[in-house]
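Work through the exercises below with the model open beside you. Try each task before reading its solution.

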Amino acid sequence: MAAGGCRSAAGPWPDFRARRPALCFLFVLLLAAPGARAAGYQTCPPVKPDMLNVHLLAHTHDDVGWLKTVDQYFYGIRNDVQHAGVQYILDSVLSALAAEPSRRFVYVEMAFFSRWWRQQTNATQETVRDLVRQGRLEFANGGWVMNDEAATHYGAIVDQMTLGLRFLEDTFGSDGRPRVAWHIDPFGHSREQASLFAQMGFDGFFFGRLDYQDKQVRKEKLEMEQLWRGSSSLKPPTADLFTGVLPNGYNPPKNLCWDILCADAPVVEDPQSPEYNADKLVHYFLKLAKTQGQYYRTKHTVMTMGSDFQYEKANLWFENLDKLIRLVNSEQQENGSRVHVLYSTPACYLWELNKANLTWSVKEDDFFPYADGPHMFWTGYFSSRPALKRYERLSYNFLQVCNRLEALAGPAAAAGPYGAGSSAPLQEAMAVLQHHDAVSGTAKQHVTDDYARQLAAGWGPCEVLMSNALSRLSGFKEVFSFCQRLNVSVCPPSQSASRFQVIIYNPLGRTVDHMVRLPVSEGALAVNDPDGKTVPSAVVVLPGFYHQEEHSELLFAARVPALGFSIYSVARVSSRRPKARTKAVRPQISQGQVLVIKNEYIRATFNPDTGLLMKIENIDQKLVLPVDQGFFWYNASTGNKESRQASGAYIFRPSQKRPMPVSRWARTRVVKTALVQEIHQNFSAWCSQVIRLYMRQRHLELEWTVGPIPHDDGWGKEVISRFDTRLNTKGRFYTDSNGREILERRRDYRPTWKLNQTEPVAGNYYPVNSRIYITDGVTQLTVLTDRSQGGSSLQDGSLELMVHRRLLEDDSRGVGEPLLELGSGQVVRGRHLVLLDRVGRAAAGHRLLAEEVVLAPQIVLSSSRGTTYHPEAIPQTQYSGLHRELPPSVHLLTLARWGPETVLLRLEHQFAKGEDSCRNLSAPVTLDLQNLFSAFTIIRLQETTLAANQPRASASRLKWTPDTGPVAHPTPPVLDPASVTLQPMEIRTFLAQVQWKRDS
């Protein structure tokens, strides 16, 4: 069984219509199913109310990259690695559906389908539209990919779903709109994913993987299907989603796989043949159906007839299913069987469950962590391939900046003095990266390299678009430089030019103060703000690392307006101007004294003997917390007497409970300037850290560098950063769900069943997308991450995050290679931001800081002021895209150009209900969208569902009855652009017709 994956190449697909053979010979066979008029539940096949109805779901699961790259999967290349060719699957399915009107098929991944679609003739496309209209080709889920649910940020999930669903809406209209979310392969399921699906308008959700203990309990309690409450803040049923566990994962039942990739015997009906097996197969099927049906509450059960990359020769499947259906149903009349079998779809199965009018139990937690057996916890992928995870998060940041600038500049961004720019390639590459074998880090190395290639290819067209937009908004035509290697202190323009400008663009809806750090060469420098006034700056000389020489970095604090930019100028100055000169500061070796770094809000103290952090103080809130922080590593298991399971890309399994320290002490150096104070710690040749505190900063920043992790000793290593305190946390800790709502975790505990814990470390790991915290009810220690990582609290008062893994064994989940991370992925640099707060103030700190981490300012350099954009343009060194800032509780989730005169706008309340008790940030917020944006005027505003594929006013979902009592289904309020209210954790989505303003 695959661990699944799928990807789409960046950029628009080429048009190959002329090269593809037409499928005209099939058209005469395409017959409408009886009663088929419009797609949706009306086209569902009839059932037998007095019988057990077995819904056969013919489907293929097409990973967008896993063992092969996306292109290799689509074209059927490298079949020596895995036999798979998506274009042939779709061709074959189309032929098979045309041959018999009762047949139905389910397809999911728009990254592949959209590519195939654009290669078809007009006649073939019309045939497909007929099949969709009849409900015989049903799209489930409809995202660009089937996204991972642990390592994905909610903003990127929304974007990739929007991309896929928009393709379906543009191509098939409402006929192609999926009713059912379908996540059959992701390795655990997040509560936020359910909430997002519900807000997108899905009626139900089916998945394949859940913990083996959980599944057994659900079968016994008849809770394989229930209502999932996806939010503790949104009023039910806004985030409620009917959720069903598929009985066989996503594979066919044993002995009933009739694909070219399978070895099961086909149905042989000829009683004269020595291979005759029809009678035996029918009886086996009937027994299977009755056994399976006893774990579900209605007269309906489902069988997934397909698996990874199946149906390349669809006729093999359909001919045998035709025979099975005919034989089983004829058995009803002849022998009194009470089983009825039919071709169906996820939506049609869901429709029958809804019509049963039952009361359903309610789930309020999530489905993490997932284990498929004792000692087999899929918690390693939370941290696998940390370099790719960071590149994905950086690319999300870059794409949002690109989208916002395009929306502000309008048509001038796509075509301007720098050429033709586009955000589409990066949008598609980012969508591909959400696939459950991409950002998860569970693909082969060459596929991982291809994912990175797609992201890199997407950045270029966005840079052109951003250059056009910045030129249009600033009034200058300049040579812009995007320094993509600032994380390793490489930026040629700042290191070589004697004079340059720094454009800082802020994608948030509120003003931010940002500390700019740029690599520079030796010499005195002066920095001026947008008004030409000199601002404080510093140059820090940093030691070399990993084949890198000693280098200098310029620091200065910049203030950047909401949704806008500030332009600062940097110039080398003569040493004869001492007041303007920025003096270089070198790290000083500590001499055994107590080390302290501090500013007006935070003080951090270090042990003089070990050089390790030992205490954090919040001066403002009068809090003092002893904290020991250091790096440790787990020895990765290669299997033992209890289980042969090894640690791998998916599985985390340490060989012992206690990790080993990388070092019990660190060699330290100290940097102190008016702008920043730093402690440089060196633990080993492959592990170091800088702990820094900027002026006016309310958090401590820990910038760690790990790798290449040595493995010459024959031990795979899983490296963690651990914080130990004296907080009495009572076995509890808290993690975010895809960067949004917070869930309580309890050590060695599951909310819905009694856990038999077989792995005390891995079985307590959870995905940390943006933050993890511990609290004793008074004091809270929060650590924010810059990428998805696995984390836990294995002892009271302690929390840990896994920063890197390098393993020597494969974990036998299909990848077939160890997680060795060759190339650039060997060395990883990242940041942990640490907050110490009183509980009532903690949410305000971590919510707003997390927003700044995910959507950090974008730094763009230019050599000097160039020519004006056009003769009438008035140059600007500071700009805001808003007439007034958004309140701190409101996050501008999306601002993107949607059409020639339309932008997509999403506004989000980023605080949970009752979360903030000091600044009232959890209260509802009302906004006036009229005249909010300075770049354009909103002419018309339409509210939509979350994925922007349905008007909210006309969207409706199936109604379900929870066992917690009835819920109201209020109609959406009449939209008033002057008064748009956001409840806690609510996201509201709008399509705005706009008129861009001319240059002032």
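The exercises that follow use a predicted model and cover disulfides, a helix and a surface patch.

**Exercise 1. Disulfide inventory**

Task: Find how many disulfides the structure holds, and give their pairing pattern.

Solution: 
- Step 1. Search for cysteine sulfur pairs within 2.5 Å. The structure holds four disulfides.
- Step 2. Count the bonded cysteines along the chain. The pattern reads 1-4, 2-3, 5-6, 7-8.

**Exercise 2. The link of Cys402 and Cys462**

Task: Describe the geometry of the Cys402 to Cys462 disulfide, and say which helices it ties together.

Solution: 
- Step 1. Take the distance. S to S is 2.2 Å for Cys402 and Cys462.
- Step 2. Take the torsion. The value about the S-S bond is -100 degrees, so this link is left-handed.
- Step 3. Cys402 sits in helix α11 (residues 386-409) and Cys462 in helix α14 (residues 445-474), so the bond ties together parts 60 residues apart in sequence.
- Step 4. Check the cover. Cys402 and Cys462 are both buried.

**Exercise 3. Two further links**

Solution: 
- Step 1. Start with Cys257 and Cys262, joined at an S to S distance of 1.8 Å.
- Step 2. Apply the cut-off: buried means under 20% relative accessible area.
- Step 3. Turn to Cys483 and Cys491, with S to S at 1.9 Å.
- Step 4. At 45 degrees about the S-S bond, the link of Cys483 and Cys491 is right-handed.

**Exercise 4. Helix α2**

Task: Compare the span of α2 with the expected value, and find what covers its buried residues.

Solution: 
- Step 1. Helix α2 (residues 86-99) has 14 residues. From first C-alpha to last, α2 reaches 20 Å, close to the 20 Å expected at 1.5 Å a residue.
- Step 2. Count the cover. In α2, 11 of the 14 residues are buried, among them Val86, Asp91 and Leu97.
- Step 3. List the cover. It includes α1 (70-75), β2 (105-107), α3 (110-117), α4 (122-133), β3 (137-139) and α9 (314-335).

**Exercise 5. A nonpolar patch**

Task: Which residues form the nonpolar surface patch that includes Leu261, and where does Leu261 lie?

Solution: 
- Step 1. The patch is formed by Ile260, Leu261 and Leu316, with about 230 Å² of accessible area together.
- Step 2. Leu261 lies in the loop between β7 (240-245) and α8 (278-293).
- Step 3. Leu261 has 41% relative accessibility, so Leu261 counts as partly exposed.

Terms used:
Residues numbered from 1 in each chain as written. Predicted model: local features only at pLDDT ≥ 70, side-chain atom pairs only at ≥ 80, totals over all residues. Heavy atoms only, no water. Patch = residues over 30% accessible without salt bridge, like charges linked within 9 Å, V, L, I, M, F, W, Y side chains within 5 Å. Areas by Shrake-Rupley, 256 points an atom, 1.4 Å probe, with all protein chains shown as cover. Salt bridge = Lys/Arg side-chain N within 4 Å of Asp/Glu carboxyl O. Helix = DSSP H or I, 4+ residues; strand = E, 2+ residues; numbered from the N terminus. Buried < 20%, exposed > 50% of the residue type's maximum accessible area, 1.4 Å probe, protein only. Expected span 1.5 Å × (residues − 1). Contact = heavy atoms within 4.5 Å.
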